[in-house]
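Please read each point with the model open beside it.

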Amino acid sequence: MKKLIALILLCLTIVLSCERDDLCPDDTPTTPRLIIDFKDVANPESSKNAFNFRVEDANDSENFLSSFNNVTTDQVILPLKTTEDSTQFAFYEDFGLVDDNGTPDDETDDIDLSNRDVITITYAREDVYVSRACGYKTIFKNVSVTIENDSDNWLQIIDPINDITIIEDETATHFNIRH
């Protein structure tokens, strides 16, 4: 009888001392991405699609965002680097469009119609503790976006949504770009 009671107490002690698994719930906010809406340059209140739109790393054309590869969209959601204070992206409009110059069999005289503009996003990073299961997330403060000027910019004007440019969640647009 004493052995049975001891076994039951041992089992209860083991069961009651176990902790639940530390899993980070899917709905826990983690490091946010930058949200940019495209607006019409002539009518800033009106959304405007970018056609045949592509986003890639400005320094590595092989590294592109698969969800923004030759699509039509009026919004782009960008991951920012958490180990550096700036991130550069190349935005393409009319990506992959080619004028064959009336000679479809001769690729040597083809003209690439895509228009590439480079944006640079600069920010200060701050790591914020979320929980033991989720660890830390990075929030971005003093965020600014600039367009590299070239002879044929399709991106025209950048408007921050608020005067205080901080990115700590993905619930709303952070910047508008007019084109």
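1. Two residues are in contact when they have heavy atoms within 4.5 Å of each other. Among the contacts in the chain with a separation of 6 or more, 60% are between residues 24 or more positions apart.

2. The model is predicted: local features need pLDDT of at least 70, side-chain atom pairs count only at pLDDT 80 or more, and totals for chains, interfaces and linings use all residues. Residues are numbered from 1 along each chain as its sequence is written, and side-chain values use heavy atoms, with hydrogens and water left out.

3. The chain has 1 helix and 11 strands. Helices (H or I, at least four residues) and strands (E, at least two) are DSSP runs, numbered from the N terminus. Read from the N terminus, the order of elements is α-β-β-β-β-β-β-β-β-β-β-β.

4. Of the 179 residues in the chain, 31% are buried. Buried means under 20% relative accessible area, exposed means over 50%, and partly exposed lies in between (1.4 Å probe, protein chains only). The chain exposes about 11400 Å², and 49% of that area is supplied by carbon and sulfur atoms. Accessible areas come from the Shrake-Rupley method with a 1.4 Å probe; for residues, only the protein chains shown count as cover.

5. Which strands make up the antiparallel sheet? An open sheet of 5 strands has the order β3-β2-β5-β8-β9, with antiparallel pairing. Here β3 (60-73) and β9 (135-147) are the edge strands, and each has a single partner strand, so one side of each lacks a neighbour in the sheet. On average, neighbouring strands of this sheet are turned by 30 degrees against each other, direction ignored. For such angles, axes are lines fitted to C-alpha atoms (for helices, over the stretch in contact), and the angles run from 0 to 180 degrees between N-to-C directions. Two strands count as paired if DSSP finds at least two bridges between them.

6. Strand β2 (residues 50-57) is joined to β3 by 5 bridges, and the two run antiparallel. They form a hairpin with 2 residues between them. Across this pair, F53 is opposite V71 and R54 is opposite N69. Strand β2 is also joined by 4 bridges to β5 (residues 86-93), again antiparallel, with D57 standing opposite F89. Of the 8 residues in β2, 6 are buried.

7. The other sheet to check is mixed. It is open and has 4 strands in the order β4-β1-β11-β10. Its edge strands, β4 (75-78) and β10 (157-160), each pair on one side only. Neighbouring strands in this sheet are turned by 25 degrees on average, direction ignored. Strand β1 (residues 34-39) pairs with β4 in the antiparallel sense over 4 bridges, and I36 has V76 in β4 as its bridge partner.

8. The structure holds 6 salt bridges. A salt bridge is a side-chain nitrogen of Lys or Arg within 4 Å of a carboxyl oxygen of Asp or Glu. One of them joins R125 and D85, with the closest N and O atoms 2.8 Å apart. Because R125 lies in strand β8 (residues 115-131) and D85 in the loop between β4 and β5, this pair ties together parts 40 residues apart in sequence. R125 is partly exposed at 36% relative accessibility, and D85 is partly exposed at 42%.

9. Another salt bridge links R178 with D159, the closest N and O atoms being 2.9 Å apart. R178 is in strand β11 and D159 in strand β10, so the pair ties together parts that are 19 residues apart in sequence. Is R178 buried or exposed? R178 counts as buried, at 15% relative accessibility, whereas D159 is partly exposed at 23%. A further salt bridge is formed by E84 and K81, whose closest N and O atoms are 3.9 Å apart.

10. The last point concerns H179, which is in the segment after β11 (175-178). H179 has 6% relative accessibility, so it counts as buried. Leaving out residues up to four places away in sequence, H179 touches several residues, including F38, K48, E93 and W154.
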